Amino acid sequence: MKRNRSKKPSIGRRTMLGRLGFNFYDVFIYGFCILFALVCVYPMWYVFVASVTPYEEYIKGGLMLWPRGGVDFQYYIAIFSTKSFLNSLWISVSKTVLATVLSVLVTSTMAYAVSKTHVRGMKVINALVVFNLFFTGGLIPQYMLYQDLGLLRSYWVMVIPGALNITYFVIMRNYFTYSVPKELEEAARLDGCTDVGLFFRIVMPVSKAMVAAVTLFIAVINWNDYYNYMMFIGNKTELQPFAWILRRMLVDQSMMNTVRNGAASLGLQTPPPMALRMATIICAMVPILCVYPFLQKYFTSGITLGAVKE
Amino acid sequence: MIGRSITAARPPRHVGKWERFLIYMRKYWFIYLLVLPGLICMIVFNYGTMYGIQLAFKDYSPRLGVWGSPWVGFTHFQEMIQDPSFIRAFQNTVIINVYKIAFGFTFNVFLALFINEIKRKKVKSVVQTCVYLPYFLSWVIFAGLIQVFLEYPSASDLGGVVNQVIQSLGGQPVDFLKEPSMFRGILTISNIIKTAGYSSIVYFAAMAGISPTLYESAAIDGANRKDMMFHITLPRILPSVAIMLILELSGLFASNFDQVYNLYSNYVLSTGDVLSTYIYRISLGGGTEYELSTAMNLVLNLGGLIVVLIANKFVEKLDVQGIF
């Protein structure tokens with residue numbers, strides 16, 4: 001055994017592992033990839049396990065691989081008995097649904113229209129849209145604009161301004177241009193199909209999968225968004241989205257104290273701040289994990305490559 | 001083809017300009033209708049902000065409004081150049097981006113190459129599922145995960161996992177997130193974990209296009225798998241690598257607000273404060289330097305635009321579809 005290890009295992013030569021069907025190269029490749037995969041998912045698993053571990057076990061600390069001493073949802077009870085959590089969940093869900101539907105409708109219809117480059121003006125419009133990827137007015141001009149439009153400190157500032165999503169505009173435009181078979185449209189036209197019929201009965205059904213994927217992507221972006229609240233709504237706590245609650249749980253001591261005192265008044269053990277943070281993190285992650293399998297199915301098939309497609 | 005031939009059919013000569021416009025509109029009304037909502041949104045929300053840029057050349061007073069405030073020329077730009085915090089934020093931004101390109105970008109390419117070498121389908125798809133996932137979590141969630149692992153122990157809590165391990169091995173706990181010398185490292189590594197998997201998808205797409213016969217003939221010639229990786233796979237994905245590198249370089253002055261804002265604190269401003277967080281702090285995030293922040297944003301945007309245009313020229317040279 002010792003001799004075997006001192007010998008440098010080389011590729012092609014049959015070593016101990018080689019006899020088991022491995023060689024050094026494979027071990028390195030598999031080891032590297034599996035290690036990195038663990039680095040990516042273990043933190044989430046740890047946070048989940050720690051957040052359901054009973055207090056007595058939690059304070060012992062250490063790397064947890066499995067909930068020790070049973071499963072206990074006391075931290076979840078603690079955060080959900082705080083009024084602002086439920087309210088923010090409702091805000092997040094409603095603004096995610098509204099903003100996503102609006103954004104997909106506006107972006108997909110515009111992307112389809114602009115993909116018809118033979119129609120006058122579409123090339124100009126395309127250039128105007130893409131220009132915005134690289135040049136924006138910036139934070140203060142945006143603030144002034146929303147002030148003039150009366151959007152400031154209103155719920156709608158989290159919904160309306162993002163209606164045209166330029167990144168997904170580019171991706172959808174490329175999809176309509178390159179991936180919807182031209183023959184299909186030609187055949188439909190020969191059968192006397194109008195532009196309207198073409199869009200609703202040919203193009204949309206053909207692009208269903210792509211539109212579904214983009215919808216999920218935009219939904220995830222909206223769920224994660226706290227920027228609009230932070231910049232343009234400020235401290236109106238009745239409008240804060242869940243992502244902002246999480247942010248406050250991470251940095252805001254007074255918020256943390258409110259939740260901890262609330263838990264104590266419920267007769268629970270005063271929870272450690274980190275455990276409450278972990279429970280909040282899990283709540284923010286659950287919706288994303290739910291749609292992730294569907295997302296993965298589509299983005300690997302290449303829709304996100306729109307901008308750099310060869 | 002059909003659509004084009006209809007376009008080519010011109011209306012009779014005697015028809016006036018206006019009527020010709022109407023005929024054209026009648027033919028394509030639906031396309032114009034579809035483009036309308038997006039066009040309105042773009043004009044209002046994207047181009048609507050452009051009028052506010054004049055603040056960069058004005059002294060804003062809320063009483064007079066944006067239009068009424070007096071012009072002051074390039075005063076704010078001079079102020080900007082003389083602002084040591086701006087210079088510091090600029091340097092930090094560029095240094096952090098260089099780190100991200102040097103380590104993150106290289107890592108992405110190698111991750112793609114290595115994952116591609118996994119021959120067991122099951123293992124490969126599990127690994128891919130795991131490495132893509134962090135991309136979809138927001139930086140707030142990610143900052144939370146980082147805190148869970150790196151937090152300094154306090155009276156009411158155990159501290160992060162890493163510090164627990166250090167302590168159980170007999171070491172002194174480290175306050176990672178408040179240590180200026182470590183902050184850039186944390187930014188770079190967390191960025192790799194969050195985005196490496198997702199960024200590697202581009203290369204998988206390129207690898208899928210490599211003809212298997214190349215590998216077969218190489219195997220007959222006695223090449224081993226490592227040789228194939230470096231002499232077949234890598235050269236074949238090089239065009240994609242070049243494009244991604246150019247795109248990455250074009251973001252040299254861009255800074256990830258989400259990432260830095262959720263991880264930094266006053267302790268690490270010296271190494272971690274980047275342009276976007278600085279611009280935020282002096283304006284909406286507590287300061288009142290609205291004009292200065294607009295001026296900085298304008299300069300950065302113009303600089304970024306120039307770099308992107310140059311980058312796009314290079315991408316076009318590479319004989320692939322550019323951004324525009």
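Which residues is M278(A) in contact with, leaving aside its neighbours within four places in sequence? I opened the notebook with this question and looked up the answer in the model, which is predicted.

**Entry 1: M278(A)**

I found that M278(A), apart from its neighbours within four places in sequence, is in contact with V47(A), A50(A), S51(A) and V148(B). I then looked up the largest nonpolar core, which has 144 residues. M278(A) is among the residues with the most contacts inside this core, together with M110(A), V214(A), L246(A), I281(A) and I141(B).

**Entry 2: α3(A) and α16(A)**

I next looked up a pair of helices in chain A, α3 (residues 24-52) and α16 (residues 273-299). Their axes come within 9 Å and cross at roughly 120 degrees. I recorded that α3(A) and α16(A) are therefore oblique to each other, and that their crossing is left-handed. On the side of α3(A), the contact is made by M44(A), V47(A), F48(A), A50(A) and S51(A). On the side of α16(A), I listed A275(A), M278(A), A279(A), I281(A), I282(A) and M285(A). By class, the residues of this contact divide into 10 nonpolar, one polar and no charged.

**Entry 3: chain A as a whole**

I looked up the secondary structure of chain A and found 16 helices and zero strands. Chain A has 310 residues, of which 37% count as buried. I also checked the contacts in chain A between residues at least 6 apart in sequence, and 70% of them join residues at least 24 apart.

**Entry 4: where chain A touches chain B**

How many residues does each chain give to the contact? I found 86 residues from chain A and 80 residues from chain B. Helix α3(A) supplies the largest share of the side of chain A that touches chain B, with 15 residues. That side of chain A divides into 62 nonpolar, 16 polar and eight charged residues.

I then looked up one pair of helices from the two chains. Helices α8(A) and α15(B) pack at an angle of about 120 degrees, with their axes 7 Å apart. I wrote down that α8(A) and α15(B) are therefore oblique to each other. The contact joins L139(A), I140(A) and P141(A) of α8(A) to Y290(B), S293(B), T294(B) and N297(B) of α15(B). The residues of this contact are four nonpolar, three polar and no charged.

**Entry 5: α11(B) and α15(B)**

I followed α15(B), residues 290-317, to its crossing with α11(B). Their axes come within 9 Å and cross at roughly 175 degrees. The two helices α11(B) and α15(B) are therefore roughly antiparallel to each other. In α11(B), the residues I243(B), I246(B), L247(B) and L249(B) meet A311(B), F314(B) and V315(B) in α15(B). I counted the classes as seven nonpolar, no polar and no charged residues.

I also looked up H231(B), which is placed in α11 (residues 225-249) of chain B. H231(B) is partly exposed, because 13 other C-beta atoms lie within 10 Å.

**Entry 6: V114(A)**

Is V114(A) buried or exposed? V114(A) is found in helix α6 (residues 83-115) of chain A. V114(A) counts as buried because it has 30 C-beta neighbours inside 10 Å, and the cut-off for buried is 20 or more. Leaving aside neighbours within four places in sequence, I found V114(A) in contact with M122(A), I125(A), N126(A), R173(A) and V35(B). V114(A) and M255(A) are 141 residues apart in sequence and 47 Å apart in space, C-alpha to C-alpha.

I looked up R153(A) in the loop between α8 (139-149) and α9 (166-178) of chain A. R153(A) is not a glycine, although its phi is positive, at about 55 degrees. R153(A) is partly exposed, because 14 other C-beta atoms lie within 10 Å.

E19(B) is exposed, because 12 other C-beta atoms lie within 10 Å, and exposed applies at 12 or fewer. The C-alpha atoms of E19(B) and T75(B) are separated by 52 Å, and the two residues are 56 residues apart along the chain.

Notes
Residues numbered from 1 in each chain as written. Chains lettered and ligands numbered in written order. Predicted model: local features only at pLDDT ≥ 70, side-chain atom pairs only at ≥ 80, totals over all residues. Axes fitted to C-alpha atoms, helices over the stretch in contact; angles between N-to-C directions. Helix = DSSP H or I, 4+ residues; strand = E, 2+ residues; numbered from the N terminus. Parallel < 35°, antiparallel > 145°, perpendicular 65-115°, else oblique. Left-handed = near helix turned anticlockwise from the far one by under 90°. Contact = placed C-beta atoms within 7 Å. Nonpolar A, V, L, I, M, F, W, Y, C, P; charged D, E, K, R; others polar. Core = buried A, V, L, I, M, F, W, Y, C linked by C-beta atoms within 7 Å.
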